[in-house]
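Reader: Please take me through one part of this model at close range. Where does that part sit, and what is around it? Then set it against other sites and the whole chain.

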Amino acid sequence: MIVAVRKNKLPALTERRYNSQNNMSVLIVGSTALDSIKTPRAENPRLLGGSASHAAVAASFFSPVKLVGVVGEDFPKKYLELYRRHKIDLEGLQILPGKTFHWSGEYEVNMNNRRTLLTELGVFETFTPTLPEPHRDSQFVLLANIAPALQSHVLDQMRRPKFVVADTMDLWLNIALPDLLKLLKRLDGFVLNDSEAHQLTKEDNLFTALKKIHKLGPKYVIIKKGSHGSILSGPRGYFICPAYPLSKVVDPTGAGDSFVGGMMGRLAAAKGSIEDNLRRAMIYGSVTASFCCEGFGLTRTTKTKLAQIDRRVKELEKLTRF
Ligand code: AMP
């Protein structure tokens, strides 16, 4: 009875394109956080954030998602409800005594440069991702940004994944490079931003950097360039993926995670080979990232409709045809 009343109060369920019986699911591990975000125009404390949250919600538009992460007992129930509304499987989400990972960042006026103000690890400090039995057979695996040793620990538990992609951040290049190098040998795809590519390879030229990163293991490498889109390098050569042109960015936190989440969700939903589908999947990733930037935290993404995603994909097709 109570459940029925609460349901009525919630906004309409986000529609899904997939049939959960036919579609491949995506397993996503990463941070599940409370983010306090400051921009020149506004300040929003303790919004739902974390690499896995952004990636999972973006992927959920296209495929069923299994989330693996940890939160503390202070984690607001409304955010668990939000995951559920996106049909995200929470069997792999641990709720432990202690505080949820809290990250705080501040953007400069240009909305590109960001400063981390605070990182409170809370329950993340002792987190070991343990996969429930059915999760171990997942075919599509996204190791969203967390310590590379934890990303490897998830891979140790998988049986025969079809496509494994990892994301990272500058912190791990600074403090856990040997772990990251070990992980790279086990990946199909690796996603990083241009400054991280420079840091990893000491190369200014992105195309030379891509070649060097392939030598470290991954068959597919994607370098993100923020509002300038991304570049894929793979067996069929390069693909230049545009960012959706936004004239107003409210909060870019999680855009990278939304990009790779949307891409993996779309890829898992597509029939045919990875090679055939990856470019189009990246375009969907660009579009889910664009919605993320239009609101604080996940506030805009969660309101997005499939028809709006399709419209932006078509616009990007038009913008890049010649
Ligand atoms: P992005 O804007 O794509 O770099 O992702 C921002 C997200 O990364 C935020 O939601 C943070 O909660 C999360 N984050 C920040 N620092 C870390 C960290 N050290 N480990 C894992 N996630 C983090």
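Author: Cys241 is buried, because its relative accessible area is 1%. Buried means under 20% relative accessible area, exposed means over 50%, and partly exposed lies in between, with a 1.4 Å probe and protein chains only. The model is predicted, so local features need pLDDT of at least 70 and side-chain atom pairs count only at pLDDT 80 or more, while totals for chains, interfaces and linings use all residues. Residues are numbered from 1 along each chain as its sequence is written, and side-chain values use heavy atoms, without hydrogens or water.

Cys241 belongs to strand E13, which covers residues 237-241. Helices (H or I, at least four residues) and strands (E, at least two) are DSSP runs, numbered from the N terminus. Now the surroundings of Cys241. Beyond its neighbours within four places in sequence, Cys241 is in contact with His228, Gly229, Ser230, Met282, Ile283 and Ser286. Contact means heavy atoms within 4.5 Å. Take Ile283 from that list. Ile283 is 42 residues from Cys241 along the chain, yet their C-alpha atoms are separated by 6.5 Å.

Next, Arg312. Arg312 sits in helix H11, residues 306-320. Its relative accessibility is 11%, so Arg312 counts as buried. With residues up to four places away in sequence set aside, Arg312 touches Tyr244, Leu246, Val287, Ser290, Phe291 and Glu294.

Gly72 is another covered site. Its relative accessible area is 1%, so Gly72 is buried. Strand E4, residues 65-72, holds Gly72. Its partners, not counting residues up to four places away in sequence, are Ile95, Leu96, Gly98, Lys99, Thr100 and Val123. Asp188 is 116 residues from Gly72 along the chain, and 32 Å separates their C-alpha atoms.

H9 runs over residues 255-269, and its 15 residues should span 21 Å at 1.5 Å a residue; the end C-alpha atoms are 21 Å apart, which agrees. The expected span is 1.5 Å times one less than the number of residues. H9 is mostly covered, with 13 of its 15 residues buried.

Some sites are partly exposed. Leu171 is in helix H5, residues 170-175. Its relative accessible area is 35%, so Leu171 is partly exposed.

Arg46 has phi near 50 degrees, a positive value in a residue other than glycine. Arg46 is in strand E3, residues 43-49. At 40% relative accessibility, Arg46 is partly exposed. Lys87 has phi near 55 degrees, again positive in a residue other than glycine. Lys87 lies in the loop between helix H3 (77-85) and strand E5 (88-96). With a relative accessible area of 48%, Lys87 is partly exposed.

Now the whole chain. The protein chain has 11 helices and 13 strands. Of its 322 residues, 55% are buried. Among contacts with a separation of 6 or more, 66% join residues 24 or more positions apart. A compact globule of 322 residues would have a radius of gyration near 20 Å; the protein chain has 18 Å, which agrees. That radius is taken over C-alpha atoms, and the globule rule is 2.2 Å times the number of residues to the power 0.38. Along the principal axes, the C-alpha atoms fill a box of roughly 60 × 45 × 45 Å.

The protein chain exposes about 15,200 Å², and carbon and sulfur atoms supply 53% of it. Accessible areas come from the Shrake-Rupley method with a 1.4 Å probe; for residues, only the protein chains shown count as cover. The chain carries 45 positive and 31 negative charges, and their mean positions are 6 Å apart. Lys and Arg count as positive, Asp and Glu as negative; His and the chain ends are not counted. Each charge is placed at NZ of Lys, CZ of Arg, CG of Asp or CD of Glu.
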